[in-house]
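Q: Could you walk me through this one while I have it open on the screen?

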Amino acid sequence: MQVGDCGCSPVPIRVLAEPGSIGIVFDEGEEEDTVIIESIKNGTPAKRRYGGQLEENMLLTKCRGQDTGPLDFDAIIALITDPSRPLEMTFEFQYEEDSE
């Protein structure tokens with residue numbers, strides 16, 4: 001699995017002051033210790049601000065300035081659910097490498 005080499009730009013999001021849920025439902029990715037977008041709830045900060053850029057199955061690659069690659073699933077979720085603001089995250093498309 002490759003991330004980011006598809007010619008697609010990473011999608012950074014920033015939630016400044018809104019307390020509570022940002023409206024993204026997360027799930028564990030296909031690869032161990034990765035986090036992906038499962039869905040984006042309507043009427044939420046994520047949908048209002050980034051609905052046209054974020055899509056299901058995008059991979060969370062950075063959260064609060066930290067690369068998520070070396071972190072385990074629980075550590076990534078702890079960063080996401082920390083209530084302090086601003087919350088900055090970066091998502092990228094993931095794709096399967098051709099096996100030729």
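**A chat about the fold**

A: Asp-74 and Thr-81 are exposed on the other side of α2, where exposed means over 50% relative accessible area, buried under 20% and partly exposed in between (1.4 Å probe, protein chains only). This is a predicted model, in which local features need pLDDT of at least 70 and side-chain atom pairs count only at pLDDT 80 or more, while totals for chains, interfaces and linings use all residues. Residues are numbered from 1 along each chain as its sequence is written, and side-chain values use heavy atoms, with hydrogens and water left out.

Q: Which residues of α2 are buried, then?
A: The buried residues of α2 are Ile-76, Leu-79 and Ile-80. Seen down the axis of α2, they fall within an arc of 100°, so they line one face of the helix; the arc is that of the directions from the helix axis to the C-beta atoms.

Q: And what covers the buried residues of α2?
A: The cover includes β3, β4, β5, β6 (66-67) and β7, with contact meaning heavy atoms within 4.5 Å.

Q: What happens at the start of α2?
A: There, a side-chain oxygen of Asp-72 reaches to within 3.3 Å of the backbone nitrogen of Asp-74.

Q: Stepping back, how many helices and strands does the protein chain have?
A: The protein chain has two helices and eight strands, and along the sequence they follow the pattern β-β-β-β-α-β-β-α-β-β. Helices (H or I, at least four residues) and strands (E, at least two) are DSSP runs, numbered from the N terminus.

Q: How much of the protein chain counts as buried?
A: Of its 100 residues, 33% count as buried. Among contacts between residues at least 6 apart in sequence, 62% join residues at least 24 apart.

Q: Changing topic, how many salt bridges does a search of the whole structure find?
A: The search finds one salt bridge, a term for a side-chain nitrogen of Lys or Arg within 4 Å of a carboxyl oxygen of Asp or Glu. The side chains of Glu-88 and Arg-14 meet in it, at 1.9 Å from N to O. Glu-88 lies in strand β7 and Arg-14 in strand β2 (residues 11-15), so the pair ties together parts that are 74 residues apart in sequence.

Q: What about the backbone: which peptide bond is cis?
A: The peptide bond from Arg-85 to Pro-86 is cis, with omega near 5°, and Pro-86 lies in the loop between α2 (73-81) and β7 (87-92).

Q: Which residues have a positive phi without being glycine?
A: Among them are Asp-33, with a phi of about 60°, and Asn-57, with a phi near 75°. Asp-33 is in the loop between β3 and β4 and counts as partly exposed at 27% relative accessibility. Asn-57 is found in the loop between α1 (45-50) and β5 (59-63), and it too counts as partly exposed, at 46%.

Q: Where is Thr-34, and what is it in contact with?
A: Thr-34 is in the loop between β3 (24-28) and β4 (35-40), and it is buried, with a relative accessible area of 17%. Leaving aside its neighbours within four places in sequence, Thr-34 is in contact with Asp-27, Glu-28, Gly-29, Leu-59 and Phe-73.

Notes:
A polar contact is a pair of N or O atoms within 3.5 Å; within protein, one must be able to donate a hydrogen and the other to accept it, and residues adjacent in sequence count only if both atoms are side-chain atoms.
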